[in-house]
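Trainee: Hi! Could you walk me through this one?
Mentor: Happy to, let's look at it together.

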Number of protein chains: 2
Amino acid sequence: MNTPPRAAILSVGDELVLGTALDTNSRTLSAALRDAGLEVVEHRTVRDELGAIESAMRELAARSDVLVSTGGLGPTDDDLTRPALNAIVDGGAPMVEDPVARADLESWFAGRGRPMASINLRQAMRPRSARIVRNPGGTAPGLHASIGACSAWFLPGPPREMVPMFESDVLPAVRPAGAPMLAKRTVQCFGIGESALAELLGERMARGRDPEVGTTASGSVVSIQVVARGPGAGARAEAEAAACAAVAQPWAFAGEGGSLAGSVLEECRAAAVMLAVAESCTGGMVGGMLTAVAGSSDAFAGGWISYSNELKERELGVPRGTLEAYGAVSRETVEAMARGAAERAHAGIAVSISGIAGPGGGSDSKPVGTVWIGVHDARRGRTAARRFEFPGGREIVRDRAAKAALQLVRWALRGEDAAMIWERA
Amino acid sequence: MNTPPRAAILSVGDELVLGTALDTNSRTLSAALRDAGLEVVEHRTVRDELGAIESAMRELAARSDVLVSTGGLGPTDDDLTRPALNAIVDGGAPMVEDPVARADLESWFAGRGRPMASINLRQAMRPRSARIVRNPGGTAPGLHASIGACSAWFLPGPPREMVPMFESDVLPAVRPAGAPMLAKRTVQCFGIGESALAELLGERMARGRDPEVGTTASGSVVSIQVVARGPGAGARAEAEAAACAAVAQPWAFAGEGGSLAGSVLEECRAAAVMLAVAESCTGGMVGGMLTAVAGSSDAFAGGWISYSNELKERELGVPRGTLEAYGAVSRETVEAMARGAAERAHAGIAVSISGIAGPGGGSDSKPVGTVWIGVHDARRGRTAARRFEFPGGREIVRDRAAKAALQLVRWALRGEDAAMIWERA
């Protein structure tokens, strides 16, 4: 088999189309199907309306080998997945009561000491040409049927019911035999724009190549996405991702699921140094990111939220003269903050941040978005600082400042000249 | 006007179909279109593949009056929304460079002191039959064109670029005249469960009432949603929300868009006290939440990320004997942390947090999720602490602990007995 099976995902529910609820099932299913070696070609979300569900099923089944649908299997009048499927596979003929589904329903209610409403019996009905997928976590059984050549699966909407059913029944049935046909790797970068990264990657991003290389940006993290297809896909994707990561040094910080904070902590551990922070405009965000990583205490000592000038002076030893002469947002202040933090926390490396997050507080010489970040490396006895001007509002300025601080720690650990690197981006 | 215009939403991006990223734009757009009086009939998500994008555009345009598409407008080879639209509206004829789009691009890069990569010029191209939708927040302009009778809008994927463009350009153009009046109000609560809140609200939640009252829960914040329809909707929704907020005291902390941190800061200002924090397991998250609010510096002094015991002892003055006898996660330790933070920051009120966020570090007597929170009120010379056992993993435990700390500050400011209130929830 040369091409992976094509999969489509259908979500059914007014609450999704109306924007009251966020559809997370599609992403969960996509990632799992992709990892199993299928090629997901489309997501579709339709209302609780018989005609819309029926045509979506027909259209998606016509263009895919596997269809996974969620939602619309409840007992009420607006749950229409079952009749829509019945119209397609059995021309709307009367459905039959499934004895296993009925027994499961009865024992579900009995096990909870609750009477079963007669309306729930609808959930034991199935089209003649479909079979039941048992649901150990709820009252709505799933359904499986063939729509033409497409293997179609219908699962309930709540993720805690849907996911176990998908994993135990759907995935083993639809997973193509043999090695995975599609492998995907991600390389996350920070401090470089998407266009500049694309220029670095050059020909690697040409369409039609296998492995295929693309980029996506989210919250200033630019990711390189590598997809390989066919035999040996895993090894080829891995090799391509490693090559891309090498090209994207020193901005590349982690693969899929990794975080900038996690990489910083790992590199601190590898260098056997403890990290401390002194945060002004980020107010604890860097500490929050670092401590989000389990086990951070062996590389993160802690720090100061030196939001007021008094705390900068009293707790971190920034000289009052420095604050008065240069201001809180200055090279001199962040360098003193970083030194103070490293000394008082007995840490090998410390990073400090002071900036104007806005919307107020800006001036001509220091507009909103101006952020100074300092790093003190106690091992080398070296302090460096750099000025940034981040675009965007308060939230974005703070987010960029926190991430830039983490990236500067990584670079300082390697002895690289952070300021120069940033310019190149 | 009897039937609302039908709207469809298209999301374009491999990262969405492959499950690497979660599509939140569809929900945002759905909710806004619905509130404007349109009927959203479908969401669809397709890969960065020309044929797939083109047929999705054609199919959705055929069945809706308004199409809003996001993504695929970047400068790289895998950004294919522009050529797909061009194929539909101009049969693939050469596109034209839009002078306004080009000028916007040039000033975007000039304003950031960065050279524009030649690849970015692609973003100034548009199909002859389309017009540009300017993007004040990024490099990708949007497009508007008619596909048959359908008014089709194409916006960039990043929400912070997409949302302002949607609100300023798309919504005014597609909003039907004389749409039914609808007013919504939200009351956010923390520290009470959804069922307990529903019991408090009682008859107000009966179906069929106008204003309609419902509840939703997200990340432990339970919100009361009030919807009024018809003439005077705004005033009636307002009055109902105020009545609900009164019933939900002291858990209710803000209306829509408000934050727990924002309410804490306001109440500190009203009481003319400065707040300080001493965070262990939350590692700076409380400080991060407080400083996310613009203008926080007049009520938030700053604090300590006393992650290690050494910092708790050396910087906050927690006696070593206390740490040895009771442990870092104890009433005695958080009370000493809160007193130390208030004294050293010269603050009127301080909150401290120490807990076991997991996954490691739990024991039989202090399982993962055990968190002590202390509040020291320097004005009253009173220190109080309370133990919590939060369910869930590291992320949830830390989130709940940070929010509980803020809620306890609010209650301490009013002199309410926090422990008792929490029990009632």
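Trainee: How do strand E14 (residues 300-305) of chain A and E14(B) pair, and over how many bridges?
Mentor: They pair in the antiparallel sense, over three bridges. Pairing here requires that DSSP finds at least two bridges between two strands. Strands (E, at least two residues) and helices (H or I, at least four) are DSSP runs, numbered from the N terminus. In E14(B), B:Trp304 is the bridge partner of A:Trp304.

Trainee: What kind of model is it, and how is the numbering done?
Mentor: This is a predicted model, where local features need pLDDT of at least 70, side-chain atom pairs count only at pLDDT 80 or more, and totals for chains, interfaces and linings use all residues. Residues are numbered from 1 along each chain as its sequence is written, while chains are lettered from A and ligands numbered from 1 in the order in which they are written.

Trainee: Back to the two chains: how many residues are in contact?
Mentor: 63 residues of chain B are in contact with 66 residues of chain A. Contact means that the C-beta atoms, placed from the backbone, lie within 7 Å.

Trainee: And which element gives the largest share of chain B's side?
Mentor: That is E2(B), with seven residues. The side of chain B that touches chain A divides into 26 nonpolar, 22 polar and 15 charged residues. Ala, Val, Leu, Ile, Met, Phe, Trp, Tyr, Cys and Pro count as nonpolar, Asp, Glu, Lys and Arg as charged, and the others, Gly among them, as polar.

Trainee: New topic! What is the strand order in the open sheet of chain B?
Mentor: The four strands run E10-E11-E9-E12, with antiparallel pairing. Strand E10 (212-218) and strand E12 (252-255) are the edges, each pairing on one side only. Three bridges join strand E9 (residues 182-190) of chain B to E12(B), and B:Gln188 has B:Ala254 in E12(B) as its bridge partner.

Trainee: Now helices: at what angle do H3 and H4 of chain A pack?
Mentor: Helix H3 (residues 50-62) and helix H4 (residues 81-90) of chain A pack at about 55°, with axes 9 Å apart. Axes are lines fitted to C-alpha atoms, for helices over the stretch in contact, and angles run from 0 to 180 degrees between N-to-C directions.

Trainee: So what do we call that, oblique or perpendicular?
Mentor: H3(A) and H4(A) are therefore oblique to each other. Under 35 degrees counts as roughly parallel, over 145 as roughly antiparallel, 65 to 115 as roughly perpendicular and the rest as oblique.
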